[in-house]
Amino acid sequence: MITKFSHATIYVTDHDQALDFYVGKLGFEVRTDVTMQGFRWLTVGPKAQPDLELILMRCPRAP
């Protein structure tokens with residue numbers, strides 16, 4: 001039985017547009033924003049739920 005949910009992956013075509021939507025429009029906060037060797041690890045989450053992170057993963061087919 002699942003008792004806690006901490007991470008969910010959402011595929012996006014553009015990190016910056018997704019960041020603007022989740023932070024600017026929905027009011028989420030940035031939890032992690034790190035780039036290493038061309039890969040960007042970006043997570044956001046609702047302010048009222050510090051244990052939940054949405055991973056904004058760039059879609060592999062995105063240009």
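This is a predicted model: local features need pLDDT of at least 70, side-chain atom pairs count only at pLDDT 80 or more; totals for chains, interfaces and linings use all residues.
Q: Why is Arg-40 called buried?
A: Its relative accessible area is 19%. Buried means under 20%. Arg-40 is therefore buried.

Q: What makes the link between the side chains of Arg-40 and Asp-16 a polar contact?
A: The contact is 3.0 Å. The cut-off is within 3.5 Å, for a pair of N or O atoms, one able to donate a hydrogen and the other to accept it. Asp-33 also joins Arg-40 through side chains, at 2.9 Å. Both aspartates are among the residues that Arg-40 touches, as are His-15 and Leu-19.

Q: Why is Phe-39 called partly exposed?
A: Phe-39 has a relative accessible area of 38%.

Q: What makes Phe-39 part of a surface patch?
A: Patch residues need over 30% relative accessible area. With Val-34 and Met-36, Phe-39 forms a nonpolar patch of about 260 Å² accessible area.

Q: Which residues of α1 are buried, and how do you know that they line one face?
A: They are His-15, Ala-18, Leu-19 and Tyr-22. Seen down the axis of α1, they fall within an arc of 100°, so they line one face of the helix. Their cover includes β1, β2, β3 and β4. On the other side of α1, Gln-17, Gly-24 and Lys-25 are exposed.

Notes
Residues are numbered from 1 along each chain as its sequence is written. Side-chain values use heavy atoms; hydrogens and water are left out. Buried means under 20% relative accessible area, exposed over 50%, partly exposed in between (1.4 Å probe, protein chains only). Contact means heavy atoms within 4.5 Å. Patches are made of residues with over 30% relative accessible area and no salt bridge: like charges are joined within 9 Å, nonpolar side chains (Val, Leu, Ile, Met, Phe, Trp, Tyr) within 5 Å. Accessible areas come from the Shrake-Rupley method with a 1.4 Å probe; for residues, only the protein chains shown count as cover. A salt bridge is a side-chain nitrogen of Lys or Arg within 4 Å of a carboxyl oxygen of Asp or Glu. Helices (H or I, at least four residues) and strands (E, at least two) are DSSP runs, numbered from the N terminus. The arc is that of the directions from the helix axis to the C-beta atoms. Lists of a residue's contacts leave out its neighbours within four places in sequence.
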